[in-house]
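Have the sequence and the 3D view ready as you read.

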Amino acid sequence: MEIYHKDGKFPRYCEAARKSIDANRFNEFALLASDEERFRFVNGLQSIADELHLKREFNGKSMEQVIALKTLGNKAFQAERWNEALVFYNKCYLSTPRENVQEKSIILANRSAALYHLEKYDLALRDIQRALDHQYPDQMMYKLTERKARCFLAKKDYEAALDSFKATVKALDDSNLPLERRQKLERDAQIMINLLPKNIEMEQKAKKKSSSNKAKAPAASQQATGKVPEHFVDKALWFDYTPGEGRFARTKSDLKPNSILLLERPHVAALLEDYSLDHCTHCFKRVSVPIACPLCSDVIFCSDECETKANGSYHRYECGFLPILWGSGASITCHMALRMITQRSGEYFAKIKPELAGLTNEQIDQLPVDDYRKVYNLVTHESERTPEDLFQRTLMATLLNTCLTLGGYSGLGAETQNYIGGLLLHNLQLLQYNAHEVSEMIREKENDVGKSIFIGGGLYPTLALFNHSCDPGVTRYYRGNQVCVRTVKNIPADSMVAENYGPLFTQLRRDERHQKLLNQYRFTCQCVACLENWPLFTEMDPHVIRFRCDGGKICSNVLIIPAEINDFMVKCTECGEHTNIMKGLKTLQDTDMLFKTATRLHAAGEYEAALLKYVEMMTTMSEVLVPPYRDYHLCQQGLRACMLEFGNRYTRAITKK
C-alpha cells in the first residue's frame, strides 16, 4: 500500500517541495534519527495548508437539491415504484442540511412509507422513530402512528400495534383533515383496537406454551444462534519469535481444514472513496437505507449506533476533510494513519508516550485491540528506508497533521503537535507492511462466479503477526470489517501457521513471486513451495501421482508414480518399505465422487454442505498424497470459494422468480 496515487495534488506538491530544498538541507534531513525530528524539520519548511489551499468544506447539502429529489421520490411512490422511491428518498435525506430539522423528519417519514410497502418493517420503524425525533409536525402525526401500528401488525407484535392504533386516534385530534376523512381513519383504528385484545390473548397463550417447551430443550450453541464473537483466537495458536522471521503464528496441536483460528475487529479501518456511499463508514456493512452524517454528505452509516460511535471519535475531525484527502491523491493508508490518531484524544497519546517502546510482547498481547500500544511495535523497516521515501511520508504526515489542526483536534500544543506528527509518520510506515485489504465478493448476476473487490483497508493486530507462505495454511474473509481466518489444509502441531500476502505458487512463478515480495515487503520467501520450486497449477501433470511413503513418520519420501501403472506394491528408494498404492488409487476414486458432490452443492448455494465435502476430500487425500498435486489444490480452491460465501458478498442484479 503506497501513500499516494499519481492523479492528485499531493504528488505535484511533493515534487515541488523536494526541489525547493538544496542538497545540504536535505542531507540534514537524511541524518535525523527519529520520526518526531523528521516531522519537526519538514513541518517548518512551508505551510502545506496555504500551498494546497486546505480548508474544511461541507458540500453536498442543499435544499434546492432536496426539493428536486423529494419530488422525484413522491412521483415514484405514487406510481407504486417502491424501490425507485427509496433510492430518491435516500439521496434526498443525505442532501438535507442539518438546520432543516422538520424537513428531514418529513423525508424520513416518506422513506418509512416506501420501506413499509417493501415489507422492510424494522427499517420502517427505525425511520418512523427518527422522524419523531426530528420534530415531525403534530398535524401529520396520525400518518406515522398509523404506519407504526401497521408495521407492528405485520410483525405480529399485537401489543405494540394496539398502543399505536390508540395513539393514532389521539393524533387525529390534531390533524387538519376534512371531517369525513378523519372519521373514516378513526373508525378503522377503532376496529383494530377492538380486535387486537383477542390476538394478544392468543399470543400470550402461545408464548407461554413456547417458553415451556424451550425450558425443556437444550441451550442453543453460539453458532446456531448466529452470534459471532467480537474477538476470538484459537487456543492452539501461539506466537513465536526468531531474529530472521520476527513474531509469527505457530500451532500447539494438529489443525484440520475448516478450523476457525481467528476472529478480529480492526484496530483501525477505512473505506475507499468509491464505497463511501454504499457501506457504513464505521463497520463496512453494505447499506440500503443509510443514516446520514448531520454535516457532510461524504459518508453514510448503517445504524444510529455506528453514527454515534463515529461522530463521537474520528469522524468529527475527518468531517469536511475527506474530499481533500481523496482529491490530494492520498491513499487508503494515509486515511488509516490519520484515523489511528483521530479515534483517540490528544490527551490519550500524551499519557501513553512513556510506554510506547517499553512493553514486552507478553504485555502487548494482553492489550485490547483499540489500544495504540497494541500496534505501535509492528514492523516499519524504518532503518532500511531511503531519505527520499522518508521525506515523502513526512510531507504526507504534515498534510494529515494540518487536517487535525483545522479540524480542532484537542491537545495540540507545539511539542504535542510534533509528537503527534511523528506518530502520523510512524503510522504511515507500519501500515505499509501490516495493513490488509478488506474485500467483498461482488456478482453481476446471481449465478456469476463473482469477483473479490477491494473496498477498504484495515489493521488487525493479531493477523499482522502471521507470516507469509506461497502455499498458505489459511484463508481470510471479512464480515463487515471483522476478519475471519480459517484453515484450508492440515497443519501439523508445532508448525508455522502462515497466510498469503498476495502471490500464490499455483498462479505465479517463483522468480516473479520473489520479486514482488521483495519489492513490497522486503523479504525473500523460504516456504516449501519456493524451496522446492513447485510448478504452477496449469503445469501440474495430471498423469503423475505423488504418493506418501507407507514408512510413516520415519520416512518423508514422495513416491512419484505414473497414473497408468500395473504394479501395486512400490518399494521406497529411501527407507526400503513397500507401499500398496492400490489403497491410494481407491482413495482417488472416492475423492472424485466427493469433488463432484461438493461442486454440485456449491453451485446450488449449499455452502456449508459443500464445505464439509471438500474437507472430507482433503482429509482423505492427505492420508495418501503429497502436494503439489492438482486435485489437492482444486479441493483447496473449492474450500476457499465456499468460505468467501460466509463473508461480505453482494449481487447487483437479483433474478425475480
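How many aromatic pairs does the structure hold? There are 18 aromatic pairs. Keep in mind that this is a predicted model.

**Two ring pairs**

Start with Phe-77 and Trp-82. Their ring centres are 5.0 Å apart and their planes meet at 65 degrees, so this pair is edge-to-face; the angle has to be over 60 degrees for that label. Is Trp-82 buried or exposed? Trp-82 is buried, because its relative accessible area is 18% and the limit for buried is under 20%.

Now turn to Tyr-521 and Phe-523. Here the ring centres lie 6.5 Å apart with the planes at 40 degrees, so the pair is tilted. Tyr-521 is buried, with a relative accessible area of 14%, whereas Phe-523 is partly exposed at 25%.

**A cluster of rings**

Ring pairs can also join up. Which residues do they link into a cluster? The members are Phe-26, Phe-29, Phe-41 and Phe-391.

**Charges over rings**

Rings can have charged neighbours too. The table lists two such cases, each with the distance to the ring centre.

| Charged residue | Ring | Distance to ring centre |
|---|---|---|
| Arg-286 | Tyr-650 | 3.6 Å |
| Lys-353 | Tyr-419 | 4.6 Å |

For Arg-286, the charged end sits over the ring of Tyr-650. Lys-353, in turn, lies over the face of Tyr-419.

Definitions and conventions. Residues are numbered from 1 along each chain as its sequence is written. This is a predicted model: local features need pLDDT of at least 70, side-chain atom pairs count only at pLDDT 80 or more; totals for chains, interfaces and linings use all residues. Side-chain values use heavy atoms; hydrogens and water are left out. Rings of Phe, Tyr and Trp (its six-membered ring) pair if their centres lie within 6.5 Å; planes under 30 degrees apart count as stacked, over 60 as edge-to-face and the rest as tilted. Buried means under 20% relative accessible area, exposed over 50%, partly exposed in between (1.4 Å probe, protein chains only). A charge sits over a ring if NZ of Lys or CZ of Arg is within 6 Å of the ring centre and within 35 degrees of the ring normal.
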